[in-house]
Number of protein chains: 4
Amino acid sequence: MTLHLDDLRVRRLGECRYDSPFAEMLSTKQTSPHYVAEGDRVLLEDTVSMLSGHSLPPGRVPSFEAAGPRRKIYFDPADVTAGIVTCGGLCPGLNNVIRGIVQELAVHYKVKQILGFRNGLQGLTAAHRDDTVELTPERVRDIHNAGGTILGSSRGGQDADEMVDSLVVRGVDILFVIGGDGGMHAATFLSKAIRERGLDIAVIGVPKTIDNDLPFTDQSFGFQSAFARATDFISSVSVEAAASPNGVGIVKLMGRHSGFIASYAALAANAADIVLIPEIPFALGGDDGLLAHVERLVRSKGFVVIVLAEGAGQDLFEKHGLPQYNGRGTDASGNVRLGNIGELLKECITAHLTAVGLAPAMRYIDPSYAIRSIAANAYDSVYCLRLAHAAVHAAMAGRTDAAVARWRRRFVHVPLSLMISRRNQVDPDGDLWMSVLETTCQPAGFGSVPDRGELNRVP
Amino acid sequence: MTLHLDDLRVRRLGECRYDSPFAEMLSTKQTSPHYVAEGDRVLLEDTVSMLSGHSLPPGRVPSFEAAGPRRKIYFDPADVTAGIVTCGGLCPGLNNVIRGIVQELAVHYKVKQILGFRNGLQGLTAAHRDDTVELTPERVRDIHNAGGTILGSSRGGQDADEMVDSLVVRGVDILFVIGGDGGMHAATFLSKAIRERGLDIAVIGVPKTIDNDLPFTDQSFGFQSAFARATDFISSVSVEAAASPNGVGIVKLMGRHSGFIASYAALAANAADIVLIPEIPFALGGDDGLLAHVERLVRSKGFVVIVLAEGAGQDLFEKHGLPQYNGRGTDASGNVRLGNIGELLKECITAHLTAVGLAPAMRYIDPSYAIRSIAANAYDSVYCLRLAHAAVHAAMAGRTDAAVARWRRRFVHVPLSLMISRRNQVDPDGDLWMSVLETTCQPAGFGSVPDRGELNRVP
Amino acid sequence: MTLHLDDLRVRRLGECRYDSPFAEMLSTKQTSPHYVAEGDRVLLEDTVSMLSGHSLPPGRVPSFEAAGPRRKIYFDPADVTAGIVTCGGLCPGLNNVIRGIVQELAVHYKVKQILGFRNGLQGLTAAHRDDTVELTPERVRDIHNAGGTILGSSRGGQDADEMVDSLVVRGVDILFVIGGDGGMHAATFLSKAIRERGLDIAVIGVPKTIDNDLPFTDQSFGFQSAFARATDFISSVSVEAAASPNGVGIVKLMGRHSGFIASYAALAANAADIVLIPEIPFALGGDDGLLAHVERLVRSKGFVVIVLAEGAGQDLFEKHGLPQYNGRGTDASGNVRLGNIGELLKECITAHLTAVGLAPAMRYIDPSYAIRSIAANAYDSVYCLRLAHAAVHAAMAGRTDAAVARWRRRFVHVPLSLMISRRNQVDPDGDLWMSVLETTCQPAGFGSVPDRGELNRVP
Amino acid sequence: MTLHLDDLRVRRLGECRYDSPFAEMLSTKQTSPHYVAEGDRVLLEDTVSMLSGHSLPPGRVPSFEAAGPRRKIYFDPADVTAGIVTCGGLCPGLNNVIRGIVQELAVHYKVKQILGFRNGLQGLTAAHRDDTVELTPERVRDIHNAGGTILGSSRGGQDADEMVDSLVVRGVDILFVIGGDGGMHAATFLSKAIRERGLDIAVIGVPKTIDNDLPFTDQSFGFQSAFARATDFISSVSVEAAASPNGVGIVKLMGRHSGFIASYAALAANAADIVLIPEIPFALGGDDGLLAHVERLVRSKGFVVIVLAEGAGQDLFEKHGLPQYNGRGTDASGNVRLGNIGELLKECITAHLTAVGLAPAMRYIDPSYAIRSIAANAYDSVYCLRLAHAAVHAAMAGRTDAAVARWRRRFVHVPLSLMISRRNQVDPDGDLWMSVLETTCQPAGFGSVPDRGELNRVP
């Protein structure tokens, strides 16, 4: 899908007429005021060939609006009521983002009222819209030291009109939606309903995905904290497997559609022999299948360590007559329930190794909650803070129907529609996966498998 | 200084005639071989306005050669002897880089001999050239779990011709120099001497700087580990200062010319009231000087936390008649010895607060070695590994006189001459420093100070 | 069971005739030689009433022999071959104990040959007895930085005579058995077989139990590391539960017969509402049952956090018609397989809360391997080192059929027969459990339950 | 000094007439109420020979009163106002103790008013007595996650009568003094003044000493957290020293009179070659002096790591003509200022090694605040909580002029007078120091030194 400049433009509520409160802060002889130059934009692509492809004058090259404070802003801070909601599964850094938004709004823009809606979009329903948390700098001062979200979260959408009613009833001018794929969809519907009613409410999304599978984002916040923690569990099963005759260590990590956590954690731990991700299908049987490779490793080095993303190998359940591990239906966020590939591999590997006289000591672990509930690490703390600042600047400047993101190490504005248009995945031909192959020494593929295209459709 | 495409080209020893050993590894139907397309290059600049400025056809836009494996390579791996040397101060990740280089060379390119020269460039002198460590995958298997460098390090350069002699005597075809400003200079001199003698030896630099002050690098390896650790010490003095009447906590962090560690650590800890960096001069006295601001904070919130980079405020020593804290001469790397700004502030603040009846509980800490000696964190582990892979691919493809670096999240080749041409510093008008000001609520400057240009010359 | 002095005496192989090599080390004017006074013993009991009960002259009061170096030793170090074996499940500190034994034997007693038998008692069978690891100070220098055991481990016993044959064939004079209940039993059988054959081989046990359920031991090595790590998982489910409407967090921790890890981790995390341990039976139903209490907490504070030991509630499976969670048969160590109380509670609580209109967000985690595979923390590192030293001193002084342990903070010798005579459990009337009740505010019991005696028989 | 039973008795305010609120909590059929039996006491000594020495009937053997809840209590909880104050230097666990006391008082005894006096004993002066913090379970819920003390602290005593006035004015019935040597002295003076005025106020001390130098305490709270953290710094200088030619790493740790932190941290890190503590004097010069040993190690292994307690070698300053490093006068707590032994060694070792042609790379670090300001680890969290519970039970039962402590793993009451009667030190002839010698392989002493008795007087 080719993107044109117009696809990357962000909607604005109107003309910016108020002076930014930063004018004073920055007017010293040491620093000239740092405002974003309106005409400047961050390039979408990073290579010469991509650039060449466009054959466009620089002013028409696909590019994003840079985030940051503007000299003039759209809302009068004295009159603003802001709302914040966190949606979907936990992710390190949620509290840091909340804290950053609140501090920036209250301390620098002097916004007086900030409401925290509780338990995700459920907090924007008529039944719960009055049960908000008053957010002040004092209230959020230390919340970044804990994982989770002080606002609570939940999965599942709500009626857009009912949510807009809540914003109107509570007098909200700016809503910050911190959420994943579901949250970005909801923000899009909300924006549409607001626009249709002709309301003057800005909706700014802060994309959250522990799987790092949202597009137009270098790396999503919390991702580094998450894969760092995942590394510990790879070390754990590695220690276990190495200490047992025919030890087999398996760690199932997050990653419904994208194997980023599995890939990065495997590179960091540097202890995995095999990494399995949704982007690369694999076969169990056959001489070049997974089971034969596992057997060879157990024979040669005495044990094997496997890291897999939860979304890997989803085509295997019916094929191998193990439907009991298959998922059923969808969860509250509308995600298809995944089959339990960890349990399937555990059973198949145990059966195979036992059959060939290498009854294994099986060490399987699924750390799940233990990863996503931790506090943000130092890097993510900085990242979340700056992302939160960018979100506030965008909203105060009247941007709406937009997300803030980091692209090629620059903070930018991305239209919400783009955020839900595709998925970020590990490129099987790219250098990240190449490094995984180099480090694990696993073969580029296991056996004869169906075409990738069939398997990895974005549902 | 405007850079043209030719400034960014990397030197090559000659034509690549050997097949890459990766051909086989990657030829499966799952993954088409991942080789870098020779014509493709990574853009130097990231914004439309910078692009516009050039008025050039895409093929002439300033850009770097992408790093990664080539279809054809220059050296016959069967005949290669490689050498590795680590120079300068410790930095998290040195062992990871060594390990990554050794594994890539030995496992994938099947290089048989890899020599580790000991204790920095001293190991390349005639007296020490034979005292090398044999580096094998087995030897380096677990070294990434420890900080430091198994090869040892030292400061200071050596005679280039003597070092080239050592390479010839030991039959080295490829030398990897992992080092900072001093190491990159040495690698440049080495390359020049090699070229002058017409030798067929590749020199590849892996830039190392815990201060993040080398140019053309998104962030230097080890930087994230370092500032994460620094954060702990900010928390420590913050706890101390908060628990004492008139508590003053001061942490002196690394950063001779660049305040990156101080800025990032302060953002991550979110506990600092004042951040002082070399890029922003400040005055002590006067109503809008540092001392008055410290006094105001002690009066209003009861304590104050200051984070400073070691290179901050170097103009203050003589001015305030405290020459005893000033540095003298240069160290073995040729760096000017810095004055001890931490001790100076400690004394001046104590004197000032005591004079105004607020005798402080002073909590000053200089963690230095405790930061740079730690093992790399998960992120840096991955980064070092991939950087090491890139360095090996570059060398095997006959690139020389070049460094590997990460630019806009892509691994690229950078001419060594560029690596020593300038310094990466915190932009006082940029969004990083803006976030520091927003987070600390410190004023944009303290008092009347000399012009920045005078103070921050690259020596 | 009343213990008399004679029950606490440790067997000796014979008279100690060799001079200890420590004589020289310690003969300085700063320190008078530290040798254990033969006549001195560490009291079994710690209170006046226990002392009174005996009505014995001090010389007959039940007490243990103090561990430590003797002036005269039994074995001539120059002629000694030592063996080490690690048995049973992993536990933090195994490598530290191995390292401490090897260093003490090699460096101070100058023992020349130390054999590591591999994979537990399996390594002492005829088939594997020659596949040993040569243990030297150099080999073990850094092993304490990793969890697990470099020797490998396995469950299950072996034929005592075959194992004695292995010791004879390999010329082993001293065998150190680091193991749990199973390992201590094996060491006892080995000792008996050795004694019956009239062989001059010392067998010294180093008791290992991550559950802290071996007797005559203040706290078993690795226990503190383990419960510290367990604390992280309680925090994780607590964060998860608190962030969800009707959140229920459950952590299943180790503890087949003893709830020490669950109790200590719950006290340390200070986030648990309910702690369930094997020593205290509980009922699910009824007004004062567990389910009603869970419901009350969800209604009042919005979520609930439950910490349970794997051995808790083992009487509930049949009673509640949920036999699918029940265990079957025994594992390789002869332990009865436990029913999965975590899964049972997860299902029962979900059913109950759903039925009363509080459909829960269930957050269940079973960290298992992630706890036992970690490296020892600082405290356990010191403890393991000193325990290892004590084990070596005991063996060199000709003690056999004995374990080294820490009793009332003193290192002592305990007859192996005592080590397997009973189990250490949380005293429901003691101050540890009292502190758990005070901290969780849970009721002293849940519902009407069977008599404890029936449930907690030592199998 | 021989202690008799009467020395170990704790003072009581009067007869216990109120029912304990625990009666109800514990009256279930699962647990019989756990109350401390009045007649039972914990033995002072732990060996048979110490027991024999007394030749006393069991009832007269020196022993401590066991801590814990009593069936009857002295104060009517409904009428109690409690106060808490923290004194002296920071130590991990202070907030945990505060939290444990508040929760136990408020939740279980239903005490309604708990006052936190601020900034140590200064908070009990007339000028500050009204500036208290209201302590509630909600207020202290999360404070254990941070180091330091939410009440603030300070050094130095105050007038006892003025402090008693403050207690009377604020209606305090029970004062908890959490503090070190200075705090225990102050508590003693306070108790005396209260007794002289015939007031009905209980004073309970919770001994705090990061140096572990208070007597009658197995290990002081926070000690394990502290030495664990200290271990990191030993690893740091070890990495630094090992990576440099002639590397010398020196870590100066806390320990004015006692070398516990240095000894334990050195055992845990297992990287130190030399440990220097106040209890063992040493000489610098001579063939068997410290400098010659350092030189030998640099020659043989290439580097050396030294761990020292701040109080070590205090006799050396004048002797070596380096008075500039010597301390002067006393600090606010009345402690003699120590000479800076770290700086002295740094200078002497640099001079010596340079003179013999081994110019060292000196790596010296003094982590100080970075150790004492951390949060309590899991073990200390449990310990502090249980100690706090014991303190509350003691106070409610009318004990006064007493400290709570842990003795041979039992919580006991100790008269305050005993707490300040002596100092806990490392026994140069005991097994802890023996293990240090075994692990470091350092000689038992360095050179010819003055008699220990002269040097280590308790001032």
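**Entry 1: the sheet of chain A.** I began with the open sheet of chain A, in which nine strands follow the order 3-4-17-16-10-9-6-7-8 with mixed pairing; two strands count as paired if DSSP finds at least two bridges between them. Strand 3 (41-43) and strand 8 (133-134) of chain A are the edge strands, each pairing on one side only. Helices (H or I, at least four residues) and strands (E, at least two) are DSSP runs, numbered from the N terminus.

Before going on I noted the conventions: residues are numbered from 1 along each chain as its sequence is written, and chains are lettered from A and ligands numbered from 1 in the order in which they are written. This is a predicted model, in which local features need pLDDT of at least 70 and side-chain atom pairs count only at pLDDT 80 or more, while totals for chains, interfaces and linings use all residues.

**Entry 2: chain A overall.** I counted 16 helices and 17 strands in the secondary structure of chain A. Of the 459 residues in chain A, 62% are buried, where buried stands for 20 or more other C-beta atoms within 10 Å of the residue's own, exposed for 12 or fewer, and partly exposed for what lies in between, with C-beta atoms placed from the backbone. Among the contacts in chain A with a separation of 6 or more, 79% are between residues 24 or more positions apart; a contact requires C-beta atoms, placed from the backbone, within 7 Å.

Entry 3: Which way do the residues of strand 10 of chain A point? I found A202(A), I204(A) and V206(A) pointing one way and V203(A), G205(A) and P207(A) the other, all of them buried.

On one pairing, strand 9 (residues 174-179) of chain A runs parallel to strand 10 of chain A and is joined to it by six bridges, and F176(A) has I204(A) as its bridge partner. Between these two strands the chain passes through helix 6 (residues 181-197) of chain A, and this β-α-β crossover is right-handed, meaning that with the strands pointing away from the viewer the path from the first strand over the helix to the second runs clockwise. Strand 10 of chain A also pairs in the parallel sense with strand 16 (residues 402-407) of chain A, over two bridges, and there I204(A) has A402(A) as its bridge partner. I then followed strand 9 of chain A to strand 6 of chain A, a parallel pair joined by five bridges, in which G83(A) stands opposite L175(A).

**Entry 4: helix 5 of chain A.** In helix 5 (residues 160-169) of chain A, the buried residues are A160(A), M163(A), V164(A), S166(A) and L167(A). Seen down the helix axis they fall within an arc of 155°, so they line one face of helix 5 of chain A; the arc is that of the directions from the helix axis to the C-beta atoms. These buried residues pack against strand 6 (81-86), strand 9 and helix 6 of chain A.

**Entry 5: chains B and D.** How many residues does each chain bring to the contact between chain B and chain D? I read 25 residues from chain B and 25 residues from chain D. On the side of chain B that touches chain D, helix 7 (223-242), strand 14 (361-365) and helix 12 (369-372) of chain B each supply at least two residues, and helix 7 of chain B gives the most, with six residues.

Chain B can be laid on chain D with an RMSD of 0.0 Å by a turn of 180° and a shift of 0.0 Å along the axis, the copies being superposed by least squares on the C-alpha atoms of residues with pLDDT of at least 70 in both. The two copies are therefore related as by a two-fold rotation axis. Of the residues of chain B, P367(B) comes closest to that axis, at 3.5 Å (C-alpha). Because 100% of the interface residues of chain B are also interface residues in chain D, the copies meet through the same surface.

Definitions and conventions: Contact = placed C-beta atoms within 7 Å.
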